Amino acid sequence: MFKKILIANRSEIAVRIIRTCREMGIETVAVYSDADECALHVLEADEAVSLGPSEPSSSYLNINLIIQAAKSTGAEAIHPGYGFLAENPDFASAVEDAGLVFIGPPSRVIRDLGDKTKAREIMQSAGVDVIPGMLAGTEDIGTLCKEADGMGYPVLLKAVAGGGGKGMRIVEDPRGMKEVCASAMSEAEKAFGNGALYLEKFLKNTRHIEFQVLADQQGHVVHLFERECSIQRRHQKIVEETPSPGLSREIRRSMGKAALSAARASGYVNAGTVEFLLEPSGKFYFMEVNTRLQVEHPITEMTTGLDLVRHQIEIAAGNPLPFGQADITRRGHAIECRIYAEDPSEHFFPSPGPVLLYKEPEGPGIRVDGGIYEGFEVPVEYDPILGKLIVWAEDRKMAVSRMLRALRGYAILGVQTTIPFLVNVMESTPFEEGETYTHFIETHFADWSPENRESLLAGITYVIDDLARPLRASGTSEMADPPTPWETLGEWRL
Amino acid sequence: MKYNLQIDKETIPLEVSPVEGRNLAEVRAGEATHLVAYKAVSETHLHLLVDGRTVEAFVAKTEDGKHIFIGGQTFLVRDADRIPSSLSRSAAEELPGDITPPMPSVVVRILVAEGDRVESGQGLVVVSAMKMENTLVAPYKGLVKKINTRAEARVAPGDTLVEIEKEAPTDG
């Protein structure tokens, strides 16, 4: 087993990986940019190496610097987390060439599957249905327009090198297609260094269902069931759950089989995710394989009891999977809500800034994978994720109630967060009924503004805070003995 | 003590009468009077009993006002009588006419040139922050008088990136 691992990432995912390493007795090396000098992952790691300027291309995307950092600290393996270099085949091969272990699939697999059109080809030949559309990408806008006309609108524009919704656009009609192509191309070019796009037929009323797979170097492949991630804004997931409320026993079985075929066809090793779109008819299509740990991996961990990061590390170290498909069971229901520094009433516009107050929810069945702390300044340079709130309960209904309790007790001040929005999603009838489709937010929460604001209570808090402030300073703050009428109003003890 | 509090876009007048020697107060809001018992758990944590209902409130005080968290909701509450003039002025200056980024950003592309005629809602400048692109649009029909930025420039709220001369609406 490795003695030391470098984590080529930041914030909550770096912290999450460090935690498992610590449990396994593996030392950790964090890397950080100038903006992250005091970030949580730097504080939690055994060692930390500065990568310099905050601009991602100079720091978290700087392959040479990261490999140098691993060499100079004596790390034997590199965990890429998600985002940044996690799905960059050049990074994986540079790690391999440096004589280090990349904790993820071989660079060849990342290259094949990262080319979304190549991946479609592999799956088609393995007998897995793919969404109707182009099999090759292009940077020629004219070609894209012509293909779209042939296919019929609406179409879905996707980046060949895609991921995280970058460069992805739904185009409803030919008007504006050119401008949309140009903007998606520029976004893809910036995010992946490759502006090529391709088209898929846009399918309506679909659910996003993905299967977690684990494959070892000895050729064993298992799946850890599905996750439903239909609730998305900007094609980026914000709520995930498992089991999916929309999957029958038969569909689950055949989708699991398709996921295993997909993993085998690509020669997959390590943890990966096979994504599908499910139509209301029960027909499903392969979408893509994410060749890394997913943001939403904790819900699988909560229901299967397996630590995915631990198994990633074991597999990378050459150990065979200690279980077969029949040994994997799951129990109960898990939901994850992503806590972003975004203003949900302003179309999820990013909201960086200082964290003035931070208090995580606690209690049974609650897990917080956080990446910030009180006093931390959320930088403008990176993805606005602050952390992930995960709950587990015996069934879906209990999990929803537990998530509501947890969200209402997750106090973050200073930056706007998705918490008030997520509260309303959890309270909503369509969510309660499991009517979760990829257009959920557009359909039910377009132009959302906060509901049932407790403005009067906020006002009362303001004036009482003024009264209590001098008392706090002198240390004499004690609750009043309630006057007689109070005693009848309920239990009230100190 | 009387307050005029700004919460969201409302102004709420409140009058608070502390009960001498006890952590208890009457808060009058319009016709209604609320009895509030309180305990300051810490510098930022207030435990309230408002008309018999338990409220856990978290408060962070800044120059802007007080940021308050109650049960999954957050508020920025300001004392309208004590808002520094610079703050209230900047709020007034945020007319929809200003083409300025809502947060610190980097300019990705400029979509118009000086002298262009633009329609209301037409894209002018694409800015990027936290990996997300955002297009600033023309608030009204008009003529692009001046462009005060360039691609890759770092810009902040308050910077006017494009100046537009408003055109009088032609339809009756």
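Biologist: Into which domains is chain B divided?
Modeller: Chain B has domain 1 (2-91) and domain 2 (96-166), with bounds that come from an automatic or database domain assignment. Taken over C-alpha atoms, the centres of domain 1 of chain B and domain 2 of chain B are separated by 38 Å. This is a predicted model, in which local features need pLDDT of at least 70 and side-chain atom pairs count only at pLDDT 80 or more, while totals for chains, interfaces and linings use all residues. Residues are numbered from 1 along each chain as its sequence is written, and chains are lettered from A and ligands numbered from 1 in the order in which they are written.

Biologist: How do you know whether the radius of gyration of chain A agrees with that of a compact globule?
Modeller: The rule for a globule is 2.2 Å times the number of residues to the power 0.38, and the radius is taken over C-alpha atoms. For 494 residues a compact globule would have a value near 23 Å; chain A has 24 Å, so the two agree. The C-alpha trace of chain A spans about 80 × 55 × 45 Å along its principal axes.

Biologist: What makes E432(A) buried, exposed or partly exposed?
Modeller: A residue is buried with 20 or more other C-beta atoms within 10 Å of its own, exposed with 12 or fewer, and partly exposed in between; the C-beta atoms are placed from the backbone. E432(A) has 13 other C-beta atoms within 10 Å, and is therefore partly exposed. E432(A) is placed in helix α14 (residues 429-432) of chain A; helices are DSSP runs of H or I with at least four residues, strands are runs of E with at least two, and both are numbered from the N terminus. Of the 494 residues of chain A, 50% count as buried.

Biologist: Why is helix α5 (residues 107-114) of chain A called mostly covered?
Modeller: Six of the eight residues of α5(A) are buried, among them V109(A), I110(A) and L113(A). The cover over the buried residues of α5(A) includes α4 (89-97), α6 (116-125) and β13 (284-290) of chain A, where contact means C-beta atoms, placed from the backbone, within 7 Å.

Biologist: What makes β3 (47-52) and β5 (101-102) of chain A edge strands?
Modeller: The open sheet has five strands in the order β3-β2-β1-β4-β5 (chain A), with parallel pairing. β3 and β5 of chain A each have a single partner strand, so one side of each is left without a neighbour in the sheet.

Biologist: How do you know that strand β1 (residues 4-7) of chain A and strand β2 (residues 27-33) of chain A pair?
Modeller: Pairing requires at least two bridges found by DSSP. β1 and β2 of chain A have four bridges, in the parallel sense, and L6(A) stands opposite V29(A) in β2(A).

Biologist: Which strands pair with β10(B), and in which sense?
Modeller: β10(B) and strand β13 (residues 142-147) of chain B are joined by two bridges and run antiparallel. R117(B) stands opposite L143(B) in β13(B). The open sheet of three strands has the order β10-β13-β15 (chain B).

Biologist: How many residues does each chain give to the contact, and how many on the chain B side are nonpolar?
Modeller: Chain B gives 53 residues and chain A gives 46 residues. The side of chain B that touches chain A divides into 35 nonpolar, 10 polar and eight charged residues. Here Ala, Val, Leu, Ile, Met, Phe, Trp, Tyr, Cys and Pro count as nonpolar, Asp, Glu, Lys and Arg as charged, and the others, Gly among them, as polar.

Note on methods: Contact = placed C-beta atoms within 7 Å.
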